[in-house]
Amino acid sequence: MNRHRLIVVVSAPSGAGKTSLCHEAARLLPRLIHSVSYTTRAPRPDEQDGRDYHFVNEPTFRMMIEAGEFAEWAYVHGHLYGTSRPLLEKQFAEGLDVILDIDTQGAAKLRQDYRTGVFVFVVPPTFDLLETRLRQRRTDSEEEISRRLAMAREELQHYRHYQYIVVNDIFEESVKQLCCIITAERSRRDRVDLSFLDVGID
């Protein structure tokens, strides 16, 4: 990976709003692209293949694992999810920074391979609000909601492994905070190409 390129990994319990935050940050910031993950789960009514996820069946996903095509992959909520390594490298080669919304398992893998990455954990202001948001989506059964809430309690304990925390209470303010994090990280000395300063200086 080009050392000047930035990978931003955003994790959160289901329903905390990480995907919406990533979409909006990518819309607002130049040269930032939201990487679309692969999954074996069925699309929800408002989701589109290639925009929200690349939807594939499990045999296809397993073949991709065997071929080493994933930078990370994990089994979450009964389905497989993964980030395409070739797509990531293509985006870096095009001079883009990449933002991903992935679970804590996938983030742990990327933390090993992309040590200069920026890791952001999104939390709801209260656990009750998280439950309300999950129910308001009206896309999951009561059993699925209960499973996601139980897993959310576990995932919230991983916040210690992240450099930044965004409390997603007022969406517009949370987007602004995420954009500020990315802008500041882009300005770190080790990310800025200053090679021109070494020319003609004695």
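Q: What do the buried residues of helix H3 pack against in this predicted model, and what makes that count as packing?
A: In this predicted model, the buried residues of H3 pack against E1, strand E2 (32-34), E5, E6 and E7. The term rests on contact, which means heavy atoms within 4.5 Å.

Q: Which residues of helix H3 are buried, and why are they said to line one face?
A: In H3 (residues 85-93), the buried residues are Leu 88, Gln 91 and Phe 92. Seen down the axis of H3, these buried residues fall within an arc of 100 degrees, so they line one face of the helix.

Q: What is found at the start of H3, and what follows the helix?
A: At the start, a side-chain oxygen of Ser 84 comes within 3.2 Å of the backbone nitrogen of Leu 87. H3 is followed by Gly 95, which has a positive phi, near 80 degrees.

Q: Why are the buried residues of helix H4 said to line one face?
A: The buried residues in H4 (residues 104-113) are Thr 104, Gly 106, Ala 107 and Leu 110. Seen down the axis of H4, they fall within an arc of 150 degrees, so they line one face of the helix. They pack against strand E1 (7-11), E5, strand E7 (97-101), strand E8 (118-123) and H6.

Q: Why is Asp 103 called a cap of H4?
A: Asp 103 caps the N-terminal end of H4, with a side-chain oxygen 2.8 Å from the backbone nitrogen of Gln 105.

Q: Why is Asp 52 called buried?
A: Buried means under 20% relative accessible area. Asp 52 has 16% relative accessibility and therefore counts as buried. Asp 52 lies in the loop between strand E3 (38-39) and strand E4 (54-55).

Q: What makes the link between the side chains of Asp 52 and Arg 51 a polar contact?
A: The two side chains are joined at 2.8 Å. The limit for a polar contact is 3.5 Å, and residues adjacent in sequence count only if both atoms are side-chain atoms, so this side-chain pair qualifies.

Q: How do you know that the model has a cavity, and which residues line the largest cavity?
A: Rolling a probe the size of a water molecule over the atoms shows where empty space is left. The count comes to 1 cavity of 30 Å³ or more. The largest cavity holds about 40 Å³ of space, and its lining is formed by His 34, Ser 35, Val 36, Ser 37, Asp 52, Tyr 53 and Asp 101. By class, this lining has 2 nonpolar, 3 polar and 2 charged residues.

Q: How much space lies in the largest pocket, and which residues are closest to its centre?
A: About 790 Å³ of space lies in the largest pocket. Of its 33 lining residues, the closest to the centre are Lys 18, Thr 19, Arg 44, Tyr 53 and Arg 137. The largest share of the lining, 4 residues, comes from H1. By class, the lining of this pocket has 7 nonpolar, 12 polar and 14 charged residues.

Conventions: Residues numbered from 1 in each chain as written. Predicted model: local features only at pLDDT ≥ 70, side-chain atom pairs only at ≥ 80, totals over all residues. Heavy atoms only, no water. Helix = DSSP H or I, 4+ residues; strand = E, 2+ residues; numbered from the N terminus. Buried < 20%, exposed > 50% of the residue type's maximum accessible area, 1.4 Å probe, protein only. Polar contact = N/O pair within 3.5 Å; in protein donor to acceptor, adjacent residues only side chain to side chain. 1 Å grid on protein atoms, 1.4 Å probe; cavity = no way out; pocket = protein on both sides within 12 Å on 5 of 7 lines; lining within 4 Å. Points joined across faces, edges and corners; volume = space filled by probe spheres on them. Nonpolar A, V, L, I, M, F, W, Y, C, P; charged D, E, K, R; others polar. Arc of directions from axis to C-beta.
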